[in-house]
Amino acid sequence: MKKFLILIIFLVGSIGLQAQNCDQAIVTTEPAAFTAEDEVKLLVDLSACTYLASLDEVYIWIFVPGGPGPDAVGGNGDFCNGSNPELLMTDEGDGVWSFTFTPTELFDATPAEIGSQIGFIPKEFAACQGIGDQTVDLFLTVDPSEFIPTESRTFPSKFGQKDFVTLYFDQNLADNQGMADLDEIYVYTWANGTDASGASIGDVAKAEWTEVGNTTELMMTNEGDGVYSLTFDLDTFYPVEEGTTITQINYIYRNAEGTVQSANYSSQLIEFDN
Amino acid sequence: MKRISILLLMITALLGCREEFDDIGEPFDKASGISGTWTLSSVTQNDEEAISKGFPLFVQSLDITARAGFTDYTLVLNQNEDGAPTTFEEQNTSAPSILGMSSGIWVLDDPDVPERITFISDNDEQFELIISTYIGLNEGQLSLKLTRFADEKPVVSYIYNFEK
């Protein structure tokens, strides 16, 4: 019974300490999207993290999940007893701290070794006190430096409100054998956004799920070699009212009947409106 | 021996002579060359990020002429007696609009060496295209480019090729 109580006290204590890690940090980067080979300025607004916001110095603990640490500057240091002084962040004022780096240089690693994610924790020089002296684990998305073929992709990879968009489905890379065997492929697609008044338009489908097979505009073109495509004008494709700003499109590949569909649904943010 | 050397020298000099070029004529008036009735022949969409990253060609560019329905598009660029731009008309019975306006006036940023064409609608809306190249202009070919930016970086571009 005594051991059981000690275990409960230990668990409650651990959860309590975990709860002290600030989860209110707001992260942005300049540029907004970057590859492992680009210099990026990471900005973290810690003004909502009471203890961290009171510090004169904040350090970054930075890592590639399952990969290298900041080897080019001699590593992160000791989380609880003292960070590497090279990883002191820059005070930008108003609770915002920055750190500028080039991933391949900082981690002394190739883009492939860095992959698609970088993790980091803004912290006090010597953390582990359980008083909010660190944030929770935070992550940045790294754009690929090399083209990686996938089951679904768009052309172009990024697009705006007034662009033509082509969806591609490659049966050779299909996660689902049923999709790999189809002779005709359709797309069920819907858009999210805001109307002229700024209100959310919800999910606006090009055609309802049951009507996809009867909608010729949703039938993909067989390009040969198992590759299917569908091109549309984003500005006019979805049945939205004039003045609507589409912020995201979503799509599922399927057969005419809707009995076979892609394993995952895809979604893409509309990144600019010019 | 001396005579042979002189003879060889003369033969070499004669062989070295090149035919004279034809007269290149008057300088080509680019503004006037841009005027006219242009039929759209092809539209290429480019993924500028894929190009800058050196991705494979099939993810860099795509011919969207037929895909996007640009099969019936004409752009009429009128000029006055002096060869200066006046009005324009977009004729696209079934093709998508490129300019987002059906008529108005068009102006060049520089009449001698134009780089940009600005189209201005009757409602004062403006749309700008870049002249991609002068190559082919005096042979009835016009190439115009539209580039879209995000965070001041080119993201998507379109090349519109026309024929007179």
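A residue is classed as buried if 20 or more other C-beta atoms lie within 10 Å of its own, as exposed if 12 or fewer do, and as partly exposed in between, with C-beta atoms placed from the backbone. By this criterion, buried residues make up 23% of the 164 residues in chain B. The model is predicted, so that local features need pLDDT of at least 70 and side-chain atom pairs count only at pLDDT 80 or more, while totals for chains, interfaces and linings use all residues. Residues are numbered from 1 along each chain as its sequence is written, and chains are lettered from A and ligands numbered from 1 in the order in which they are written.

Chain B has three helices and nine strands, where helices (H or I, at least four residues) and strands (E, at least two) are DSSP runs numbered from the N terminus. Along the sequence, the pattern of chain B is α-α-β-α-β-β-β-β-β-β-β-β. Two residues are in contact if their C-beta atoms, placed from the backbone, lie within 7 Å. Of the contacts in chain B with a separation of 6 or more, 43% are between residues 24 or more positions apart.

The contact between the chains takes 18 residues from chain A and 19 residues from chain B. On the side of chain B that touches chain A, two or more residues each are given by β1 (36-47), α3 (48-52), β8 (141-150) and β9 (153-163) of chain B. The largest share, three residues, comes from β8(B). The residues of this side divide into twelve nonpolar, one polar and six charged, with Ala, Val, Leu, Ile, Met, Phe, Trp, Tyr, Cys and Pro counted as nonpolar, Asp, Glu, Lys and Arg as charged, and the others, Gly among them, as polar.

In chain A, an open sheet of four strands has the order β1-β2-β7-β6, with antiparallel pairing; two strands pair if DSSP finds at least two bridges between them. Its edge strands, β1 (26-30) and β6 (90-93) of chain A, each pair on one side only. From one strand to the next, the twist averages 30°, with axes taken as lines fitted to C-alpha atoms and angles running from 0 to 180 degrees between N-to-C directions. Strand β6(A) is joined by three bridges to the antiparallel β7 (residues 96-101) of chain A, and Thr90(A) has Ser98(A) in β7(A) as its bridge partner.

Asp181(A) lies in the loop between α5 (177-180) and β12 (186-194) of chain A. Asp181(A) is exposed because 11 other C-beta atoms lie within 10 Å. The C-alpha atoms of Asp181(A) and Val260(A) are 10.0 Å apart in space, and the two residues are 79 residues apart in sequence.
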